[in-house]
Amino acid sequence: MAKSVNEQIEHLRDTIREHDRRYYVDAAPIISDQDYDKLLAELRDLENAHPELITPDSPTQRVAGEPIEGFKTIAHARQMYSIDNTYDVESLRKWAARTFETVDPKLAKIEEKAEDTDAPADAKSRRDKREKLLAKADEDGYPIDGGYFVDPKVDGVAISLRYERGKLVLAATRGDGVRGDDVTQNIRAVRAVPLVLREHKKYPIPSVLEVRGEMYMPTAEFERLNAAFLAADEEPFANPRNATAGTLKQLDSRIVAERRLQFMAHGRGELTGDPFTTHSDFLEALTAWGLATNPRSKMCDSIDTVWRVIQGFEAERAKLPYGVDGMVVRVDRYDLQERLGYTSRFPRWCIAYKYAAEQATTKLLAVDWQVGKTGKLTPRANMEPVFVAGTTVQHATLHNLGEVRRKDIRLGDTVIIEKAGEIIPQVVRVVLEQRPPDSKPMKPPARCPECGGEIEIEYDQRREHEIASHAAKVDREKARAAKEGRKPEPIAKPAPLSDADESGRYCINPECPAQLRERLIHFAGRGQMDVDGMGEKVVHQLADAGLLTTFGDVFSLHDKREAVLELERMGEKKADNLFAGIDAAKDRGLARVLVGLGIHHVGSTAARVLAEHFGSIDALMAASFENVAAFKVRGQPSGIGPEIAKSLHTFLHSAEGKRVITELKDAGVKLDVEKSAATGAAGFALAGKTLVVTGTLEKYSRDEIEALIREHGGHAASSVSKSTDYLVAGEKAGSKLDKAKKLGVPILNEAEFDKLIGV
DNA sequence: GCCCCTCGAGTTCT
DNA sequence: CTCGAGGGGC
C-alpha cells in the first residue's frame, strides 16, 4: 500500500519537475498556472498524509526552514573569473588578433621551427611568412578552429550552482571571485533552478558539477514587483539587477519564492571527469540535464561574423523579456581555451562587448576642489540630480584641470553623463548648443582651498617628455642628414605645455589639515591599521576637536578619554570599543603599517614585498636607495624600481618620516614582519624554499595557498626559474608547467603539497 | 623603444 | 571600475 503511495508521490514530483523545466528552460509551458498549482497542492496533501516520504529534493521543499541570520562566505572550488570588457570594434578585433596568434596551428608551427633552429637566414623568411599569415587572417576576420561562441550577456547577478550526484548542494554568489556568499536556501526557492538534474541517456550526470550562470529578474516581473512596492508606499527597486541582488539577499526564502527569478547557465566550475571538448557541447548537456541556457547563442566562424551578430542583436535587445547589456564572445574549443589561459582577473579566451551605456543630460551647477590624502586637488562636479542606470547621480569627478580643459567644461553647461561600467558617473561631453552665452573657462584654485597653502602643478608625462626630447631629436636628425649629405627634415616643435596638459595640482603644505585628515582616514582604514570604531566620521570629529593630528596620536587617545567622551554621539561604550580597536590595531605588522603611511607608490603589494625582504622598519631605514631599488626576491625582480624606491627613501629619511616612525615605535606599534600565530605551529617545512603555484587548485584559493607557503617559511614566487624548488600545479596549468618540466623543477599536486607541509 | 601586466589612486551610491 | 604609470620582458 505504502509503495503505491510512494510511486504516486514520485510520479507527481517528476511531473512537476517536468513542468518547471518546460516553463523555465524551454519557455514553453504546456499547462496553466492554476493546473500547476493544483498538482503542487495534490503533492503537498499526499506528503502531509505521509510525512515519512518527504525528501529534500521534492518540489514542495523548495522553501524549507526558518529565515536565516545571515550569509556564510564559502570558497569557490574554482575561481569565478569576471569577463574583460570592450566597447568598440577595434578592441574586439585586437582581442581576436591576440587570440588567433596564440591559437592558430600554422603560426604555432612557425614558432616551433624558430625554437629548433637559430639560423639567422631563416629568421627573416619566418618573419615574412608570419606577417603574411597575419595579414591574411586579418582579412578573413581571424578565423579559429572550432569557431567563436557568442551569446547575450544577461544583466543579472552571477551565481555558481554546485550539484553533487545530480542534487543541488550549494549555491553561491561570485563575491570577489574566490569566495562568495552561500545563498543555497534562497536559490532552492527559485523554481527556475532544478533541485535535481534530469537524467539523460547521452550525458551521464557527473558526480560533481558546478554550473556558473546568471540569476536575473525578467522585466515584466520587475515591473510587477515595483508596482506592488509603490502601491504599498514602499521604495521600489532601481533596476532589475538591483531587484535580483536584493532578492538574493533576503533572509527569508519565502519572499524569494514569491518573486519569479530566472536563471541562465553559461559556464563551468568544477566538473568531474571533464567529459566535454567544447563550450557548446557543455551547454547542450546542461540543457539535457534540465538547466536553462540562452537559446539565442550563435556560433561564428570569424570575428567579422561575430561583429555582425553583435550589431544585429542590438535592436533585438528591447524585444527581449529581460535586460541584456552586451554580448559575450568565447573561444568554443576547450583545448584552445586552455592554451589561452588567464590573467589574474579574466580568462583570455573570453571577452564581453558592451553596448553603449545609458546616458543622461543634466546641468553643471558648481565645481568644488577636494583635497586628497596625497594633497591632490580634484575637481568634483555638482550637478542637478539625474537618474541614470539605476541610481540618482549628482556628483562626478572631473579628475584634473587637463580633463576640464580638454572637454571644455564650464559652469552652467549642460553636460551628458554616463556610468563607466554602470557604476561610476562620468561627464562624457558638453552640449555646446546649450551653453550660456556669457560662460568662461573656470579658474583652478591658485592656493589650497582648505589651508591656503602653496600649490604645485604636474603635467602629462608623455607631453613633458615630448617637449624635453625635441631638441635632441632635431640634433639627431641634423647629424643624420649631414652624414647622408641631405637637408635635414623639419621636425615639428611640439606645442608648449598648457592647462590642457595638466594632470594634477597638489597642495604641498605638509601640515594641511585636510590632507592630514584624509591620511588618517586611510591609516585607520581596512587593509591598513583597520581600527575598529574609527571610521571616516569619527576621524573627522577627532581631528576637528584637535585630538588627532598625527598617526602617533591615534595610539595616545587613551590618555584623552575625557575629551573623547565630549564628542557628539560618543558614549562610554562606543569609546571603549574605539580604544579596544586601537589596541588591536597595534600588531597588524610592518606591511600594513607601510601601506597605512600613504607613501607614494607604496600600496599593498609593494609594502608586502618590502616588509618580507627587509623584515623590520630598522632594516628598511638602514637600507640604501640602491638596495631598495635593486633587490631581488629569490632571483626574481622585486617589482620595486627606482620610482618606488625614491619615494620610500625620501619619506623614511625626511624629518617627518623619522618623527612618525619614532612615534609609532613609542606607541608600541609592531614594526616588523607579522608572524601569525599559525607560524609557530606550522613550523618551517618550507624554510628557504621557493614555490610557484599554477593552475586552479581545488582546496585553496591563490591567496590562501600563497599565505600557507609563507606561513611555512617558504617564498611564493610568481614565475618558474632555475631557483624554483617546487611547482604546485592545479587544473589547467599552462606555460609554467611546461617551463618547470623543461627545467626539471619538481612538480607537486595539491595532495603532495599538503603532505609536504604536513597537513 | 614598444608592448603587456599589475599596482596604486581616485571615485559614486546604497 | 577605470585610468595612468611603474616594472620588466623582448
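Residues are numbered from 1 along each chain as its sequence is written, while chains are lettered from A and ligands numbered from 1 in the order in which they are written. Since this is a predicted model, local features need pLDDT of at least 70 and side-chain atom pairs count only at pLDDT 80 or more, whereas totals for chains, interfaces and linings use all residues.

**View 1. Chain A as a whole.**
Chain A has 29 helices and 24 strands, where helices (H or I, at least four residues) and strands (E, at least two) are DSSP runs numbered from the N terminus. Of its 759 residues, 32% are buried; a residue is called buried if 20 or more other C-beta atoms lie within 10 Å of its own, exposed if 12 or fewer do, and partly exposed in between, with the C-beta atoms placed from the backbone. Among contacts between residues at least 6 apart in sequence, 70% join residues at least 24 apart, a contact being a pair of residues whose C-beta atoms, placed from the backbone, lie within 7 Å.

**View 2. The surface near DNA strand B.**
By class, the surface has seven nonpolar, 16 polar and three charged residues, where Ala, Val, Leu, Ile, Met, Phe, Trp, Tyr, Cys and Pro count as nonpolar, Asp, Glu, Lys and Arg as charged, and the others, Gly among them, as polar.

Strand 7 (residues 208-216) and strand 8 run antiparallel and are joined by seven bridges, and Glu214 stands opposite Met264 in strand 8.

**View 3. Strand 4 and its two partners.**
Seven of the eight residues of strand 4 are buried, so this strand is largely enclosed by the rest of the structure. Ser160 has Arg212 as its bridge partner in strand 7 and stands opposite Ala172 in strand 5. In the hairpin of strand 4 and strand 5, which has two residues between the strands, Arg165 takes a positive phi near 50°.

**View 4. The largest nonpolar core.**
This core has 44 residues, of which Leu161, Val190, Phe263, Leu286 and Ala292 touch the most other members; a nonpolar core is a set of buried Ala, Val, Leu, Ile, Met, Phe, Trp, Tyr and Cys residues joined through C-beta atoms within 7 Å. Elements that each supply at least two residues of this core include strand 4 (157-164), helix 7 (219-231) and helix 10 (279-288), and the largest share, five residues, comes from strand 4. Leaving aside its neighbours within four places in sequence, Val190 is in contact with Val256, Leu261 and Phe263. A second, separate core of 41 residues includes Phe555, Leu578, Leu610 and Ile617.

**View 5. Lys167 in strand 5.**
Lys167 is found in strand 5 and is partly exposed, with 15 other C-beta atoms within 10 Å. Lys167 and Asp57 are 110 residues apart along the chain, and their C-alpha atoms are separated by 7.6 Å. Not counting residues up to four places away in sequence, Lys167 touches Asp57, Leu195 and Val196.

**View 6. Asp408 in a loop.**
Asp408 has its place in the loop between helix 13 (401-406) and strand 15 (414-420). Although Asp408 is not a glycine, its phi is positive, at about 50°, and with 14 C-beta neighbours inside 10 Å it counts as partly exposed.

How values were computed
Contact = placed C-beta atoms within 7 Å. Pairing = 2+ DSSP bridges.
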